[in-house]
Amino acid sequence: MALRLPRDAASVPLIRQMLDGTLRSLGVEPQVRDDIELMLTEACSNVIKHASPSDDYTVSASVHDHLCVIKVIDNGDGFDPRAVAEPEPGAESGRGLQIMRALADDIRFTNRQEHGAVVCLEKRLRYAPGAAGQHLMAT
């Protein structure tokens with residue numbers, strides 16, 4: 001699935017609920033869904049806070065080979081993830097990249113010069129016994 005969303009905080013719960021509903025219907029375990037929800041929230045929140053002058057962004061998600069791949073693509077000025085300072089202990093903000101790195105099985109950042117950035121998050125999926133997704137992904 002792929003959605004183009006307005007760069008507005010109201011878009012985050014929408015895409016989060018859509019992806020969670022899809023993963024739930026496939027029978028993905030709750031802990032994995034929670035991790036994906038938090039990673040997605042942080043990536044989208046970073047776009048909303050930092051991806052000016054863009055008015056919108058795109059989120060795509062796919063499931064294949066027991067892997068969920070999420071791409072959050074903005075049209076802002078781009079950024080260098082290596083240049084983002086680590087937050088101070090106890091800081092209430094600035095932990096988005098740390099959270100994404102901690103929860104994702106793989107994370108990649110692509111800076112598209114003058115055309116924004118792409119954050120690609122990958123998470124291995126675990127399914128409840130007998131879940132639909134387990135059988136669909138086995139074929």
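In which sense do strand β3 and strand β5 pair, and over how many bridges? In this predicted model, strand β3 (residues 67-74) pairs with β5 in the antiparallel sense, and the pairing runs over 7 bridges.

**Strand β5 and its partners**
- Strand β5 covers residues 117-124, and because 7 of its 8 residues are buried, this strand is largely enclosed by the rest of the structure.
- Where β3 meets β5, isoleucine 73 has valine 118 of β5 as its bridge partner.
- Strand β4 (residues 106-111) also pairs with β5 in the antiparallel sense, here over 6 bridges, and the partner of phenylalanine 109 in β5 is valine 119.

**Cysteines**
- The count of disulfides comes to 0; cysteine 68 is in none, since the nearest cysteine sulfur, that of cysteine 120, is 9.9 Å away, whereas a disulfide requires sulfur atoms within 2.5 Å.
- Cysteine 120 is likewise in no disulfide, its nearest cysteine sulfur being that of cysteine 68.
- Cysteine 68 is buried, with a relative accessible area of 1%, and cysteine 120 is buried as well, with a relative accessible area of 4%.

**Glutamate 42**
- Glutamate 42 lies in helix α2, which spans residues 30-50.
- Although glutamate 42 is buried, it has no salt bridge, and the nearest side chain of opposite charge, that of lysine 49, is 6.1 Å away.
- Leaving aside residues up to four places away in sequence, glutamate 42 touches Gly96, Ile99 and Met100.

Key. Residues are numbered from 1 along each chain as its sequence is written. This is a predicted model: local features need pLDDT of at least 70, side-chain atom pairs count only at pLDDT 80 or more; totals for chains, interfaces and linings use all residues. Side-chain values use heavy atoms; hydrogens and water are left out. Buried means under 20% relative accessible area, exposed over 50%, partly exposed in between (1.4 Å probe, protein chains only). Helices (H or I, at least four residues) and strands (E, at least two) are DSSP runs, numbered from the N terminus. Lys and Arg count as positive and Asp and Glu as negative; His and the chain ends are not counted. A salt bridge is a side-chain nitrogen of Lys or Arg within 4 Å of a carboxyl oxygen of Asp or Glu. Contact means heavy atoms within 4.5 Å. Two strands pair if DSSP finds at least two bridges between them.
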